[in-house]
Amino acid sequence: MQTYILKRILGMAVVMLIVATISFVIVRVVPGDPAAIMLGPDASPADIADLRARLGLERPLPAQYAIFMGDLLTGDLGRSIFLDRPVVQALAERAEPTICLTVMATLVALLIGIPAGIVSAVRRGSAVDQATLGLAMLGASIPSFWLGLLFIQFFAVRLGWFPVAGYGDPGAGFLERLRHLVLPALVLGLLSSALITRFTRASMLDVLGDDYVRTGRAKGLDEWTVIMKHAFRNALIPVLTVIGLTVAVLLGGAIVTETVFGLPGVGNLVVQAVLRRDYPVIQGTLIVVAAVYVLVNLTIDLLYTVVDPRVRY
Amino acid sequence: MTAVHPAGIPDELPEGPAARPRWAVAARHLWRNKLLLLAVIVLLAVVALAALAPLVAEYGPNAMRISRRLQAPSAAHFFGTDEFGRDIFSRVIHGGRISLAAGGLTVLVACAGGVLLGVLSGYFAALDGILVKVVDSMMAFPDILLAIALVAVLGPTLSNVVVALGIVYMPRVARVVRASTLVLRELPFVEAARALGVPTHRILRRHILRNLASPITVQGTFIFAYAILAEAGLSFLGVGVSSETPTWGTIINAGQQYARQAPWIMLFPGLAIVLSVFSLQIIGDALRDALDPKLQKEV
């Protein structure tokens with residue numbers, strides 16, 4: 001087990017090294033002078049030269065890469081040009097809405113996707129199954145920003161059940177802030193539940209025909225126990241895998257959804273950074289979001305042994 | 001005439017398991033699928049409307065008539081008008097040209113890069129380790145975030161959006177192609193070709209690439225759908241093509257300010273996205289089922 005964990009952590013380190021390298025390269029493939037592009041057409045040559053010096057762009061590329069990696073190892077993601085503060089600080093200030101939104105959307109996706117997938121598998125071929133599959137595919141076809149706008153119009157503007165946008169007043173309590181996340185979490189969760197529904201269904205179909213399920217029924221166990229304790233428990237591993245994949249979808253979805261709902265999260269930060277050509281923020285966000293994805297998937301990998309004792313590393 | 005190897009062995013070996021029977025079985029399966037037929041008809045209708053937009057639309061996509069601003073859908077304006085009196089129907093079908101073109105071109109870029117990476121990774125064991133790690137690393141970035149970052153550095157033009165989305169979806173193609181190549185590489189007809197001294201490039205072209213057509217077709221269909229969604233997302237965020245250019249994303253972006261008075265502005269381009277993506281997903285699903293190698297047994 002320990003050897004496996006070590007191997008996985010080593011693999012993760014390699015992936016993160018490549019992620020950091022890709023992020024470094026992306027910002028350096030800017031056609032032209034990145035400093036000039038960041039400051040815009042009105043910048044003076046002195047300002048451009050100053051920024052070039054601050055970003056270390058005058059050094060040869062390998063030296064820039066070595067400094068970048070060295071800084072990264074000490075947790076330094078650079079400094080935002082427009083916010084004039086460290087990227088880590090800017091990300092930390094914006095993390096709460098994004099983390100809460102992603103967690104709430106994951107819960108919504110699980111609460112919809114898992115029961116829908118189980119019912120669909122148990123009633124395979126029925127109208128319920130067809131309708132569930134159709135809805136899951138439809139869910140994967142709707143742009144999150146569009147559904148967000150429709151939800152705002154209906155649930156917030158027309159019915160007045162939720163705030164239209166924002167994250168509450170500056171002094172708003174945690175619960176008030178969470179209330180602002182309900183609608184965006186519903187949008188993201190609904191759309192992401194499509195993938196979980198399909199995976200849960202497929203995984204359940206794989207185990208429903210197994211001997212232990214038949215034995216459970218033959219013993220006279222009630223259908224609920226057979227499905228939930230015998231079948232679903234054994235179908236959980238692929239479902240866990242897809243939850244890990246969904247995190248990437250949700251983090252990406254959060255970027256767009258935050259913009260629609262005016263949430264001051266990481267998504268909003270990165271969109272503003274793109275519009276202002278604030279490359280250090282873009283680079284830092286890429287690295288941090290990818291690291292979160294890799295860590296979540298490592299955790300899920302290690303959870304396999306908890307949910308299924310047959311899994312041994 | 002078939003070239004002959006110095007050892008007297010024909011240079012051109014018979015191709016791998018013939019693709020035709022599989023396609024024939026697939027075609028039969030596809031024809032039986034009524035939902036698929038409906039999806040194909042819907043998608044063709046959307047594509048035809050977009051392609052023939054200048055002929056179909058009564059008004060130009062940017063023609064302003066302030067006297068007719070924010071008019072609800074009617075016989076004169078099927079999808080209503082926007083704040084400048086522009087015809088939304090015309091804008092949606094003209095916008096479809098760009099949105100669909102971006103999706104289609106993204107498929108080409110993603111498939112070109114993905115097939116190259118996947119075949120190299122799957123066929124040459126020495127390259128596999130590093131290429132798999134690169135592909136895994138690229139997939140650690142959320143699609144839209146990587147696309148945003150790439151467009152931010154390349155510049156917000158349609159071609160750069162296509163390149164960015166092509167790079168974003170390349171790893172998906174590469175993974176599928178690698179998996180198929182790993183299987184194909186060990187099949188007897190490829191081993192036989194290697195044993196007979198057929199050059200590697202010919203093995204790749206004649207025996208590997210030809211047999212990758214099915215997984216690439218399926219993957220390409222899904223990428224087409226994802227790319228339409230992603231392009232719309234980029235345009236909506238204002239980081240894709242210029243907001244002056246009508247695409248489904250930019251029309252929705254502009255319409256959100258008038259969502260209360262004129263919901264049709266954002267409703268119809270959104271429906272166009274949903275219809276196109278939904279149809280493509282149904283087609284992709286049906287193709288995946290139909291091109292499943294297990295169907296070979298039915299031949």
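Tutor: Start with a definition: buried means under 20% relative accessible area, exposed means over 50%, and partly exposed lies in between (1.4 Å probe, protein chains only). This is a predicted model, where local features need pLDDT of at least 70, side-chain atom pairs count only at pLDDT 80 or more, and totals for chains, interfaces and linings use all residues. Residues are numbered from 1 along each chain as its sequence is written, chains are lettered from A and ligands numbered from 1 in the order written, and side-chain values use heavy atoms, without hydrogens and water.

Student: What makes α10(B) a mostly covered helix?

Tutor: Count its residues. Of the 25 in α10(B), 21 are buried. A helix here is a DSSP run (H or I, at least four residues; strands are E, at least two), numbered from the N terminus. Helix α10 of chain B covers residues 213-237.

Student: Why is V161(B) called buried?

Tutor: Its relative accessible area is 1%, which is under 20%, so V161(B) is buried. V161(B) belongs to helix α7 (residues 158-185) of chain B.

Student: Which residues does V161(B) touch?

Tutor: A contact means heavy atoms within 4.5 Å. Leaving out residues up to four places away in sequence, V161(B) touches V151(B), E231(B), L234(B), G240(B) and V241(B). Take G240(B): 79 residues separate it from V161(B) in sequence, yet their C-alpha atoms are 6.4 Å apart.

Student: How many disulfides are there over all chains?

Tutor: A disulfide is a pair of cysteine sulfur atoms within 2.5 Å. The search of the whole structure finds 0.

Student: Are C100(A) and C111(B) buried or exposed?

Tutor: C100(A) has 14% relative accessible area, so it is buried. C111(B) has 13%, so it is buried too.

Student: What makes F24(A) and Y65(A) a pair, and of which kind?

Tutor: Rings of Phe, Tyr and Trp (its six-membered ring) pair if their centres lie within 6.5 Å; planes under 30 degrees apart are stacked, over 60 edge-to-face, and the rest tilted. The structure holds 12 such pairs over all chains. The centres of F24(A) and Y65(A) are 5.2 Å apart and their planes stand at 70 degrees, so this pair is edge-to-face. F24(A) sits in helix α1 (residues 2-28) of chain A and Y65(A) in helix α4 (residues 61-73) of chain A, so the pair ties together parts 41 residues apart in sequence.

Student: What pLDDT does chain B average?

Tutor: pLDDT is the predictor's confidence in each residue, from 0 to 100. Chain B averages 87, and 88% of the residues score at least 70.

Note on methods:
Expected span 1.5 Å × (residues − 1).
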